[in-house]
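Take a look at the model below.

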Amino acid sequence: MTLGRVRRPAFGVRTIPIGPELAQEIGLPSDYGLLIVQVVQGGSADRAGLRGGSERAYLGNMPIMLGGDLIVAIDGQDIQDQQDLSQIMNNHRAGDTVKVTIYRAKKKIDVNVILGEARQQV
């Protein structure tokens with residue numbers, strides 16, 4: 001409030017939720033999580049080295065990008081869907097560091113991400 005506004009954290013990714021069926025269909029090492037389809041250039045995830053998808057595919061009739069990192073946990077809490085991610089973001093501020101557990105290909109990795117500040121859309 002000292003800035004006259006709330007500094008909401010931003011992660012800087014577009015994701016799709018992964019369930020057991022979809023994970024098996026596209027060959028993912030985990031049957032849950034958020035698959036990164038796009039990383040916002042210059043955003044928190046980009047600066048931390050997280051990767052978005054590079055292979056074009058279709059989910060029904062919706063185009064998506066596969067091959068990105070799969071987020072399975074943040075600070076040790078499992079991430080099943082966008083709601084889980086939002087809940088964790090609500091407990092942090094811009095500038096906080098979170099430990100993100102991802103699968104890149106079949107390898108499980110922990111990455112520290114310094115959260116950016118969400119830009120207010122007007």
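Which residue in strand 9 stands opposite Val100? Val111 does.

This is a predicted model, so local features need pLDDT of at least 70 and side-chain atom pairs count only at pLDDT 80 or more, while totals for chains, interfaces and linings use all residues. Residues are numbered from 1 along each chain as its sequence is written, and side-chain values use heavy atoms, without hydrogens or water.

Strand 8 (residues 97-104) pairs with strand 9 (residues 107-114) in the antiparallel sense. Eight bridges link them. Pairing requires at least two bridges found by DSSP. Strands are DSSP runs of E, at least two residues; helices are runs of H or I, at least four; both are numbered from the N terminus. Two residues lie between strand 8 and strand 9 in the hairpin. In the turn, Ala105 has a positive phi of about 60 degrees.

**Cores.** The largest nonpolar core has 19 residues. Phe11, Leu50, Ile71, Ile74, Val98, Val100 and Val113 touch the most other members. Strand 3 (33-39), strand 6 (70-74), helix 3 (82-90), strand 8 and strand 9 each give two or more residues to this core. A second, separate core of 12 residues includes Ile18, Val37, Ala57 and Leu70. A nonpolar core is a set of buried Ala, Val, Leu, Ile, Met, Phe, Trp, Tyr and Cys residues joined through side-chain atoms within 4.5 Å. Buried means under 20% relative accessible area, exposed over 50%, with partly exposed in between (1.4 Å probe, protein chains only).

Leaving aside neighbours within four places in sequence, Phe11 contacts (heavy atoms within 4.5 Å) residues that include Leu50, Ile71, Met89 and Val113.

**Helix 3.** Asp84, Leu85, Ile88 and Met89 are its buried residues. Seen down the axis of helix 3, they fall within an arc of 135 degrees, so they line one face. The arc is taken from the directions between the helix axis and the C-beta atoms. Gln83, Gln87 and Asn90 are exposed on the face turned away. The cover over the buried residues includes strand 1 (9-10) and strand 7 (77-78).

His92 sits in the loop between helix 3 and strand 8. His92 is buried, with a relative accessible area of 19%. A polar contact pairs N or O atoms within 3.5 Å; within protein, one must be able to donate a hydrogen and the other to accept it, and residues adjacent in sequence count only if both atoms are side-chain atoms.

| Pair | Atoms | Distance |
|---|---|---|
| His92 and Asp75 | side chains of both | 3.3 Å |
| Asp81 and Gln83 | side-chain oxygen to backbone nitrogen | within 3.1 Å |
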